[in-house]
Amino acid sequence: MRQYVYVSTAETLSGDDVAEILEACQRNNAAREVTGLLLYNGRNFLQLLEGESESLEWIMQRIERDTRHHGISRLYDEPAESRACPDWLMKRIALGDSGEARRERLEAELPEALDPMLRRIILNFALLN
């Protein structure tokens, strides 16, 4: 079991585009037994993926070929004893307008089982843009 976090840039996506990406994530993740969360701030994605290494690599290869975003950078790639998001095939957490509203929303929705380092990475993302 591993956990990955990556960020990427996607400046021109519509709400429908993001919904389509989320649906594809959920479909692919269900087939590969991957869980996680997806954040989009209107310019950047942050995604947490949890699962077996082979499944995560397959998903990351698909993500890296997706032309709707670029500048993909893995921020976190570590073994995990258990899933922080076991019930989320891919949960999208909507972010508020201000940095503080985003941070508050994330604090309320992030799972308690999340590693403290991952929590910091995700909360810092809320301050971008």
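Five strands make up an open sheet here, and reading across it gives the order β4-β1-β3-β2-β5, with mixed pairing. (Helices, as H or I runs of at least four residues, and strands, as E runs of at least two, come from DSSP and are numbered from the N terminus; two strands pair if DSSP finds at least two bridges between them.) Strands of a sheet pair through backbone hydrogen bonds, either parallel or antiparallel. The model you are looking at is predicted: local features need pLDDT of at least 70, side-chain atom pairs count only at pLDDT 80 or more, and totals for chains, interfaces and linings use all residues. Residues are numbered from 1 along each chain as its sequence is written, and side-chain values use heavy atoms, leaving out hydrogens and water.

Y40 stands opposite F45 in β3.

Next, look at the helices. Helix α2 (residues 53–65) lies across β1, β3 and β4, and runs at about 5 degrees to β1. Helix α4 also packs on the sheet, where it touches β1, β2, β3 and β4, and its direction makes about 160 degrees with that of β3. (Contact means heavy atoms within 4.5 Å; axes are lines fitted to C-alpha atoms, for helices over the stretch in contact, and angles run from 0 to 180 degrees between N-to-C directions.)

Let's turn to the nonpolar cores. Such a core is a set of buried Ala, Val, Leu, Ile, Met, Phe, Trp, Tyr and Cys residues joined through side-chain atoms within 4.5 Å. Buried means under 20% relative accessible area, exposed over 50%, and partly exposed in between, with a 1.4 Å probe and protein chains only. The largest nonpolar core has 21 residues, and L37, L39, L46, L106, L110 and I122 have the most contacts inside it. At least two of its residues come from each of β1 (2–9), β2 (35–40), β3 (44–51) and α4 (116–125). With five residues, α4 gives the most to this core. Another core, of 18 residues, lies apart from it and includes A10, L13, I21 and L49.

Finally, visit S55 in helix α2. Is S55 buried or exposed? S55 counts as buried because its relative accessibility is 12%. Not counting residues up to four places away in sequence, S55 touches R32 and V34.
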